[in-house]
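Open your viewer and let's take a short walk together.

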Amino acid sequence: MKKLIYHILPAVLLLTSSCQQFLDVQPDLQVDQSQAITNASTAEAAVNGMYNRLGNDSYYGSNFPALSYLSGGDINWTGSQTAPQEIFARRVTSTNGYVGSAWAAIYQTILAANYLLETVPNLSDPQLTADRKNQILGEAYAVRALSYFDLARGWGGVQLILKATYAPTDNTGIPRSSLTDTYAQVLKDLTTAEPLLSATTNRNRFTRKTVWALRARYHLYRQEWEQAESYATKLIDDTNYKLVSPYSAFFANNAVATTESVFEIAYSNSFKNGHYNWWLPPALSGRREWAPNDALVKSLNDATVGGNRKELIAQTAAPGNLWYGKLYYRNPLGTDPAYVIRIAELYLIRAEARAQLGKTTLALADLNAVRSRAAVPASTAATKDALLTAISDERRVEFPFETDRWFDLVRTGRVATVLGITDTRKYVFPIPNSELLADKALTQNEGY
Amino acid sequence: MQKPASVRYPARYRTASWAILSGLVWLISIQGIRAQSSVEHLLKGVVRAKDGDVLPGSSVVFKGQTRGTSTDGNGAFSLDVKAADVLVVSAIGYQSTEVTVGNQSSIIVTLNESASQLNEVVIVGYGTQDRKDLVGAVSQVNADEIKNRPVASFDQQLQGRAAGVQVAANTGVPGDGIFFRIRGTTSINASNDPLYVVDGVFVNNQSLQKITTQGQANNPLADINPADIESISILKDAEATAIYGARAANGVVLITTKRGAYNSKPKVSLNLSGGQAWAPKLWDLVTGPEHATIINEAWINDGKSAATRPFRPKSEGGRGLPEEQPIYDRLGDIFRTGALQNYDLSVAGGNANTRYYIGGGYTSQQATLRTNDFNRASFKLNLDQDITDRIKIGTSNILSQSKRTNARVGDGPQGGILQAALHTPTYLPKFNDDGTYAKWAGFDNLDVLINNTDMHSISTRYIGNIYGEYEIIKGLKLRSSWSLDYNNYDEYEYWNTLTNRGSASKGLATSSISTNTIWINEQTLNYRRAFGSQHTFSALLGNTLQGNVSTQTFAQGTNFPSDAFRQIASASVTTASSNRYAYNLTSFFGRVDYSFARKYFLEASLRADASSKFAEGKRWGYFPSVGVAWQLKQENFLKDVGFLSDLKLRASVGYTGNQNGIDNYAARGLWGGGFNYQDSPGTFPVQLANPNLKWETTRQANIGLNIGLLNNRIGLELNAYHKYTYDLLLQVPLAQSSGFASIYQNNGAVSNRGLEFAVNSLNINRGGLQWNTSFNIATNINRIEQLSIPVDASYSAERMQQGQPFHAFYVYKQLYVDPQTGNAVYEDVNKDGQITANDRQFYGSALPTLFGGLNNTLSYKGFDLSVFFNFQTGNKVYNSNRFFQESGGTRDERRAINKNQLNRWQKPGDITDVPRVTTIGTNYNLSPISRFVEDGSFLRLNSLVIGYTIPKAILNRIGIASARVYYSGSNLWLLSRYQGPDPEVNVTANPTTQGYDLGTPPQPRTAQFGLNITL
């Protein structure tokens, strides 16, 4: 009997230890969170991941710009999906898929930034110089600023998540901040980012200049006209940024990162977006889920309004003759840039700021710089009000398929006049219903 | 008007089923009483079965009396009798017989097996049992009974055949996914499919398909040729399933393939069949003029000027007047009569030490929806060899290759072939003015798709094992086996420049090769012994090691020189990726059975499983069960109740587990790659860690009753169960402000309570006429008992929420259409004066409350007939085609309009549930709404078979042992109130959505002729 135990015992031990090993299966495709950001190269990979989230289809890839232009009254919903139908018909509910996925994608981008902000300062890798560290942190702050800026203009005051999530209980129970506090966080992050970044020109990643451009837009939204003017001037005076001519030169013929661009998200075969799919007609491999409406088509084709911006649209074969937008068109499909901020916008920001400051002549010059590039006659608006209206109308045909129209109408208080929506509670998107279910600390926007 | 909230089961259904039930003619013979002669003598006898086995416990009684005895452990009895006495000898599972005593003093009584189910041997986990000794709830289906339905896989053939087993095909395309539930749905994010075991091999039933066909996925069980299957055993209660522990929470399906018989001449069987499949009903769409009328009406209703209405004379810049609009029938172009062919050839036989089965088969099934085909060639080899009296080895092998040609069927405009036919408005032409193909509504041109769709896949599958068995001492057997389930799934798609998908990218090709490998090593030690005449004891001890590896290699190319180049090597832009996932399981298990006098049965089992999916310390789960049975008929007080031939009570309780279907690394905090930017690699966190994650557990209690009547000509089985699943492996939704959508947690509980009833009866068996009926019906009440956060299904019409069943529709309820304004009025649930997301409510579930099947078979002098119905009731279907096609003018040239739209409100006083057409307001801009939630109950003539066996006298002359010709039809008749073609439908392979109909091809109707020949 004893002998038997001598034989069995080692066998059992062997079995137990090999069993342990047998059950320890490591993932091949992904890595444990502890190995995620440990040195220079993994930090760089995480930075790429952050830009990837910023350019994700649900954010700048297509969804977030779509929320703006579909709400803006110039784009018709021409497809079958219910989410854009709701937005187009102004019946947005808190279960709207576009609203929900944009919200989630923006917070994912914030998570990526927060991880970098927490881990990179503690890395000790000789490959990671102090300058490089600062650059990374500056980009993370800037990306977070842009994310909160988009949340603020889309949803109002939101929860400020400033730490990375490691466990499901992290970042819970945080109440919504006010709109003012949310914008304050944007400014704080931009201010922190500015000195960390170098003043170089990079149209696909954040530099100090990109931060200036965002600050110009930020101050415009906050109606801080002097600062809006001065930050816009920093870019306009920089010879690296120019209005390219004709208008289509910034996107046609597969152009990327032209001098027009201050910040555009780059796509390639290894990272694509689906924007083309919603715009192009079936014959060009898209779904044409939405299209420019009659009014916009008319404006763009009007030589005194659209000018050479008519290159943004085209028509399908007869008998269809359907108009479609062709800003997002290129081959390989899905490699069209996402235009976050262009020099044309800085001209129009400065024009508006100057108009508000009573610098009418200077304002008109900025406006006409944009108009002249589009080959439309110079504006003769002489009063502040006429100028402001002209600038707003110019934005409509300058950025019809970018992230502008709706936010611009809300910002300038013209939603009721232009779109006839008088319920001001609908000037922000609803908080996604699923968020309210998952987070008791969160409250819905009024009216949803 | 709004349809009533719940539709009563139409009287027609009830009368149909009751008529057939009551139509069962119970033949009751009343036995007369005879006089007895007077001199007694002692009679000794033995009761045997035909094969020579003695039959202990047989009953020997004087005819017409309750007096008598029963046989001992050796099948022997002795009785004082008179010469004129007549004895009735009976045993469970055997036809009783009458013996006239006369002058005999010793006698051997041989009993024939009865035609009832009761004496069959039932395959159970790691063994077999006589049905009469069964403790657990097990349904066994003979493969011969179900083989005539021309579908690709055996699981679909099981529809309606076993009580408590709900089977529904997602689509009418052969080889597509099947919804298969044993006793309800238990889990949200882990798998709800049963464990499939083929000849002891745990096989994969999760699709490896990676190239999307928009919604559907292939069914890997279609790799198995149903013709190679001998029987299918469905283990339902905890007693039967717990031996499979952590794999068994959703029941177990044991598939036993055909083997040869020892000492038998080679038997060659040939089965041939061929036929056709077609769609019995399609969708009703409006004509071109009707379409135009609706659009113009919506235009006017929107308050726009009649002068600019879309369908005005072309001279005025319009699209022409409504009456000038043409009509194009695209549905007629896409549906066809599909050809069906099937060939099976097998040889089986054996000598004293060897038995073998060799089979080959080929099947080809064209779907009614164009460009979808399923073909399978398969090979089967089973071999068993006795090396010595004590050592035996054997092997089981299935090798098959299934080839599918596919189409993008469901929800997708890029190549969505059915949608291009069903959803393109009927007035729109097929060609542009310049002669090019017109592409409308975000769909491709149907002709282009029919002629240019090139998607195919080849599934190569091996399922097999080798085993050795050694009998250490009498009754003690050691068995060791190595098993493999290997599947290679090779897919390719090519979209040329004529198609939407390929046009802008100058041709697009995708290649995906996925493999899945499951290997298993298993040892069992089995001991079985009878002690004395009354006690039987058996024990089982075993261990299993299981490894699973799946890999995928994916390549895509665009920009081809021309349409003539179809392989990625010719493309100028290419991308590629590869993945690998693995997990391992290790298990120990044991079972003891004890029975006393075949009257009292006790079984207990325990399985311990460990999975690599969980963190150390949480890996092991322990799953015990215990079951008892009491054979009341063997008790003295029932022994003499003549009409009652069997009465058994069963009870069991036990635990099973689940970890299938969740991510292999679900417990870990992970960062993933592929988040690239500017062609540089990028990473991002994809999952939060939960080191406490553990097994999902199902507790199940079952009580059952088996009744045999009239010498077991009628067998009844009743089961009642309560399954309670807790610690659900749930992807608990997180607030996305955290940056994560969800985390795996053990959160939530689900219950399934149900009743199952099955009856098998031999109604007539005389004069060569035999009539059998089998009927089963089950109800299952599913309820989510605990769930911290409601979870919306992938298609948002459904929501999972505490207190509701699974697959509950969560919609805005349309109360009525206001007869004055024509506007739809929705219920303002929270009475806040506006309709918001908070006004959605639960509105029925896609799960049926009652389901089952009824089969009648008749045979007479070579003719045989089988008529099989299946039914379900109480389930709802969300008719999303109507959502798109009954859209009140909001979709104009983008979607076809269905006929029901014509019932719209037009003028004050109109009573209808279809609101005034307009693009404004909530009439047609709110989704999902209750108007499209329809009753999905149905009764289907699932199959009808008429056969004729050619008399032997004729065949013997040409050397054929037997030959039968037959006609077989399936889905010949359907009774349903559903507005779509068929309520048995589901848009997606994603199991969180059920009963959601969108562009899904309906179940085909088929007719076939066949020939079975045995040499």
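Two residues are in contact when their C-beta atoms, placed from the backbone, lie within 7 Å. This is a predicted model, where local features need pLDDT of at least 70, side-chain atom pairs count only at pLDDT 80 or more, and totals for chains, interfaces and linings use all residues. Residues are numbered from 1 along each chain as its sequence is written, while chains are lettered from A and ligands numbered from 1 in the order in which they are written.

**Stop one: the chain contact.**

**Stop two: a strand pair.** Next, pick β1(A) and β30 (residues 670-672) of chain B: they run antiparallel, joined by 3 bridges. Strands pair if DSSP finds at least two bridges between them. Look for D32(A), which stands opposite L670(B).

**Stop three: two helices.** Now select α2(A) and α6(A), whose axes come within 8 Å and cross at roughly 165°. Axes are lines fitted to C-alpha atoms, for helices over the stretch in contact, with angles from 0 to 180 degrees between N-to-C directions. That crossing makes α2(A) roughly antiparallel to α6(A) (angles over 145 degrees). Finally, show side chains: among the residues meeting here are M50(A) and L54(A) from α2(A), and Y115(A) and L116(A) from α6(A).

Conventions. Helices (H or I, at least four residues) and strands (E, at least two) are DSSP runs, numbered from the N terminus. Angles under 35 degrees count as roughly parallel, over 145 as roughly antiparallel, 65 to 115 as roughly perpendicular and the rest as oblique.
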